[in-house]
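This briefing is meant to be read alongside the sequence and the coordinates.

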Amino acid sequence: MSKQSFTLTNNQTKQSYEYPILEGTRGPSVLDLRSFFKDSGLFTYDPGYTSTASCTSTVTFIDGAKGELRYRGVPIETLATEHSYMETCYLLLTGELPDKDTLQDFDLEIRHRAFLHEGLRHLFAAFPDNAHPMATLSAAVTALSTFYDDHKSCQDDAGYQEMARRIISKIPTIAAFSYRHSLGIPFIQPDIDLGFTKNFLTMMRAYPGGKMHLCATGHEEIKEVEVRALDTIFTLHADHEQNASTTVVRGVASTGAHPYVAISSGISALWGRAHGGANESVIAQLELIGSVDKVEAFIERAKDPDDDFRLMGFGHRVYKNFDPRAKILKGLQDELRVELNLNTELMAIARKIEEIALNDDYFISRNLYPNIDFYTGIILTALQIPKSMFTPIFVIGRTVGWITQWIEFKKDETSKIARPRQLYRGK
Ligand code: SDX
């Protein structure tokens with residue numbers, strides 16, 4: 001066996017086993033333990049997969065210590081400041097950034113595919129007005145799979161790409177319909193004259209007949225600065241390695257179910273407040289704290305092991321330094337503070353939390369820093385997007401990452417059905 005290996009010895013039986021170390025392009029190498037149970041009769045034990053690599057991937061790279069994030073090798077800072085979300089989608093799906101003509105064709109295809117089958121509209125009527133949009137979104141995406149049954153058997157690049165572009169383009173429409181259903185107001189159909197992000201904001205805000213309704217910021221038209229802010233938010237959420245919801249998507253992919261029910265499962269997993277649901281909880285928490293002078297008391301609660309109160313938007317399994325996406329969003333907040341009339345009271349409370357937490361040993365010793373969800377909510381609030389739509393916005397950004405990882409799983413000949421074992425302690 002090569003030097004790149006581990007020898008594990010069972011001290012009871014004195015039996016030794018050698019396992020190869022597999023190297024990646026970057027990041028930690030892995031110990032290949034696929035034959036460990038067959039060799040030793042023991043399972044490895046790693047609830048939450050804190051030390052486990054579940055797959056090989058070429059999509060996204062995170063260096064948690066450096067606060068580095070790359071999609072297909074391109075730094076997130078470059079994508080967020082020099083490219084659009086549509087370019088980022090094309091990059092994730094194909095591995096390359098598109099040239100001008102390719103981008104134009106891709107963008108047009110996404111615009112044309114944004115419409116839903118008329119039959120799907122009736123699904124929303126089944127839900128009560130106060131249904132959370134994440135519930136309707138997950139149900140509608142599962143329902144979408146019934147209109148495209150052939151995608152279950154797609155096996156070549158052309159089939160994968162058509163299936164992927166279809167779901168990427170329809171998610172914003174479903175999300176906007178979910179929101180308008182919750183208000184009991186008529187749906188606004190997609191407009192192929194509008195780009196992805198402006199089209200979504202229009203489907204969210206317009207009155208029937210297309211006129212913009214007055215927003216709290218008192219203007220009729222959607223401002224370019226709003227489109228740019230939301231487009232950046234979509235880019236920052238596009239993919240993130242093997243996070244909880246992507247792990248669920250790959251798990252559903254491993255059983256051979258329809259790709260859209262894998263996405264629907266990812267939506268359900270993302271909803272949890274420990275994951276994508278945190279952005280909605282952050283704003284609820286800032287509103288609960290209510291004023292800067294109450295921040296200290298809440299920070300003490302977050303540190304109290306007997307109090308299950310956690311500082312939402314803080315901490316991350318991988319980033320043991322600033323989440324680079326949080327850094328970009330913090331810059332965007334400062335840039336848009338005036339143009340978007342950001343809620344300075346909530347921002348002041350958020351900044352006070354940061355100021356105290358980043359100097360408190362409880363957070364420092366546990367490497368707890370603001371994550372992407374800590375900043376998203378303040379900008380989305382300024383875009384007149386209600387809290388209930390924050391996680392659906394995360395879904396819109398992340399769908400391209402989920403479906404890219406689904407395709408990668410399908411194309412990997414070593415992929416197997418996800419079937420972990422357990423440490424049994426029952427009768
Ligand atoms: C996302 O994985 C991804 O990449 C996810 C994501 C993506 O793009 O897909 O980045 C998106 O989900 C971001 C995370 C959003 N969630 C939140 O903001 C919720 C609040 N944060 C946590 O619940 C927590 O930090 C997690 C879930 C994010 C990470 O949990 P871990 O890695 O399992 O860490 P842990 O729960 O083991 O905590 C380690 C210690 C514990 O204290 P001790 O037991 O050592 O005394 O840190 C404490 C925790 O109690 N801790 C917190 C805390 N987060 C962790 N204490 C107070 N407030 C917090 N937010």
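What follows is a set of notes on a predicted model, grouped by topic.

**Ligand surroundings**

- The ligand is surrounded by 23 residues, and the closest of these are His240, Leu311, His316, Arg325 and Arg398.
- Sorted by class, the shell around the ligand comprises nine nonpolar, seven polar and seven charged residues.
- Histidine 240 places a polar side-chain atom 2.6 Å from an oxygen atom of the ligand, while an N or O atom in the side chain of arginine 310 lies 2.8 Å from an oxygen atom of the ligand.
- Leucine 311 takes part through its backbone, where a polar atom is 2.8 Å from a nitrogen atom of the ligand.
- Of the 1,100 Å² that the ligand exposes when taken alone, the protein buries 73%.

**The second largest pocket**

- The second largest pocket has a volume of about 220 Å³, and its lining includes Ala80, Thr81, His83 and Ser84, together with Arg228, Asp231, Thr232 and Thr235.
- Also among the residues lining the second largest pocket are Ile328, Gly331, Leu332 and Glu335.
- Three helices, α2 (76-82), α9 (224-236) and α14 (324-336), each contribute at least two residues to the lining of the second largest pocket.
- By class, the lining of the second largest pocket divides into three nonpolar, six polar and three charged residues.

**The cavity**

- When the whole structure is searched, one cavity of 30 Å³ or more is found, and the space in the largest cavity amounts to about 90 Å³.
- The lining of the largest cavity is made up of 15 residues, with Ile110, Arg111, Ala114, Phe196 and Asn199 lying nearest its centre.
- Two or more residues of the lining of the largest cavity come from each of α4 (100-112), α7 (157-183) and α8 (196-205).
- Nine nonpolar, three polar and three charged residues make up the lining of the largest cavity.

**Histidine 275**

- Histidine 275 sits in the loop between α11 (259-270) and α12 (278-289).
- Is histidine 275 buried or exposed? Histidine 275 counts as buried because its relative accessible area is 17%, and the cut-off for buried is under 20%.
- The side chain of histidine 275 is joined to that of asparagine 243 by a polar contact of 3.3 Å.

Conventions: Residues numbered from 1 in each chain as written. Predicted model: local features only at pLDDT ≥ 70, side-chain atom pairs only at ≥ 80, totals over all residues. Heavy atoms only, no water. 1 Å grid on protein atoms, 1.4 Å probe; cavity = no way out; pocket = protein on both sides within 12 Å on 5 of 7 lines; lining within 4 Å. Points joined across faces, edges and corners; volume = space filled by probe spheres on them. Helix = DSSP H or I, 4+ residues; strand = E, 2+ residues; numbered from the N terminus. Nonpolar A, V, L, I, M, F, W, Y, C, P; charged D, E, K, R; others polar. Near = heavy atom within 4 Å. Polar contact = N/O pair within 3.5 Å; in protein donor to acceptor, adjacent residues only side chain to side chain. Areas by Shrake-Rupley, 256 points an atom, 1.4 Å probe, with all protein chains shown as cover. Buried < 20%, exposed > 50% of the residue type's maximum accessible area, 1.4 Å probe, protein only.
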